Amino acid sequence: MTQTPGHHLNEEALLGYASGALGEAESVLVATHLALCPACRGRTSTYEAMGGSMLSQIEPSNLSDGALSATMARLDQTDPSEAPCDDGGFDNATVTVLPRPLRDYVGGSLDSLPWKSRGRGVKELPIRIGDGSVRASLLRIGPGETIPQHTHEGVESTLVLKGAFSDETGTYARGDVAVATADHDHAPVADSTEECICFAVIEGPLRFTGPIGRVLNLFVRP
Amino acid sequence: MGVVPQTLDLSAPNAAAGPGQVSDATVGTPSSGNPSQARQEPEAPTDQRSHDDLLDAIASTRDKTAFAELFSHFAPRLKSYLIRLGTDAAMSEEVAQEAMVMVWRKAESFDRKQASAATWIFTIARNKRIDRLRRERRPELDPNDPALVPDAPDAADRSIEVQQTEESLRSAIEKLPQEQSELIRAAYFEDKTHREIADQRGIPLGTVKSRIRLALARLRQEIDGFDTDPGPSSE
Ligand SMILES: [Zn+2]
């Protein structure tokens, strides 16, 4: 587990996460990679420092009278909505595979979740993030199985959480991020030694190019 | 991140005095022969607490005077930050106040070895805005997560690097061509996708992306160069 990723997020994704401009689903993917990647954490803290630097340089606005005393009066109140969210109820295997930023969006341990079969050896668990406008899923691919061929209008980012898969762009193991764009057909194959679990975030609609009817709904939310 | 030499001058007020010097000896009368120290005049009297010190005072003694001082500096800037992001003035002030309440509550988690006060407060305000105005959750790292892959041991103390990163970023952004620096600022001050930024400015999406990529590559070069450069004053 001390191995660090070889396929990283691009700088724009780190900038978007640090600045807060990135949407929630993409932010979950970035934060999950960051949990596994000290190098990208370091780069992200640079972009947060850029935010701090800009905050220092911004022209201050006048506050209304009494703003300070109104705020001081709130310091000793407690706000129940700010209680830290519960991280209980997961078995050890799940805590090992899913870093906290993603675990918070998954309702229970991996083996207890309502996985849907998506063809031979492939299961999918849609994960609702925010308003659901961006599709996000966990994928569980049996050893040596292939994710059916598909292309998308948008961009698919896939983060490996367990095992590994390979496609024509390379081999991806825990922590690695593969980005596939619309102009690129791909058919990743899981390593033959163990199952592969991935988190995928897909912007834009999918269009299937493979011949297999049963799997046409892969990635498409019911 | 590379190893940073200990001998570089920092422009922070509390770093302007050389080793062994008392703090009131800094202005104009450096006793050592180091000429670079003569330029390092602190912006504030050295008996004033730095923003980092104020946060530590809140964390350790719930110091309300320290909070009031931090508030008077940061709350007006947080309000501007939120206005820049398209929020009306009244709501911006409300969220700025809420962010400062979070600063009070979370002060124990501030670590000056990891980030400056301004950077840490920026992240608090960023998350508060996502929560209150965008009504989304902000996925954050949990330092106690068993799945977290820890930093390499030599990365633990980044305090000198933290100071330098902010200083060098400031000048690096100023050195960028305006068409690039504007897009970097937009990432912080406009809640827009790259496509929206392109449409709004009437430039192609590909141009927006390539300008941002170029700008980030240049900034990265400045920062990484700073990390590995032994610096002019080391011997
Ligand atoms: Zn990385």
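**Notebook: domains, a sheet and one leucine**

I began with chain B: the C-alpha centres of its domain 1 and domain 2 lie 23 Å apart. The contact between them takes 9 residues from domain 1 of chain B and 9 residues from domain 2 of chain B; contact means C-beta atoms, placed from the backbone, within 7 Å. I sorted the domain 1 side of chain B that touches domain 2 into 2 nonpolar, 4 polar and 3 charged residues. Here Ala, Val, Leu, Ile, Met, Phe, Trp, Tyr, Cys and Pro count as nonpolar, Asp, Glu, Lys and Arg as charged, and the others, Gly among them, as polar. I took the bounds, 51-132 for domain 1 and 155-228 for domain 2 of chain B, from an automatic or database domain assignment.

The model is predicted: local features need pLDDT of at least 70, side-chain atom pairs count only at pLDDT 80 or more, and totals for chains, interfaces and linings use all residues. Residues are numbered from 1 along each chain as its sequence is written, with chains lettered from A and ligands numbered from 1 in the order written.

Next I looked up Leu139(A). It sits in strand β3 (residues 135-141) of chain A; strands are DSSP E runs of at least two residues, numbered from the N terminus. Leu139(A) is buried because it has 24 C-beta neighbours inside 10 Å, and the cut-off for buried is 20 or more. Beyond four places in sequence, I found Leu139(A) touching Val122(A), Glu124(A), Cys198(A) and Ala200(A).

Last, I traced an open antiparallel sheet of chain A, ordered β7-β6-β9. Strands β6 (residues 164-167) and β7 of chain A share 4 bridges; pairing needs at least two DSSP bridges. Ser166(A) bridges to Thr171(A) in β7(A).

Key. A residue is buried if 20 or more other C-beta atoms lie within 10 Å of its own, exposed if 12 or fewer, and partly exposed in between; C-beta atoms are placed from the backbone. Two residues are in contact if their C-beta atoms, placed from the backbone, lie within 7 Å.
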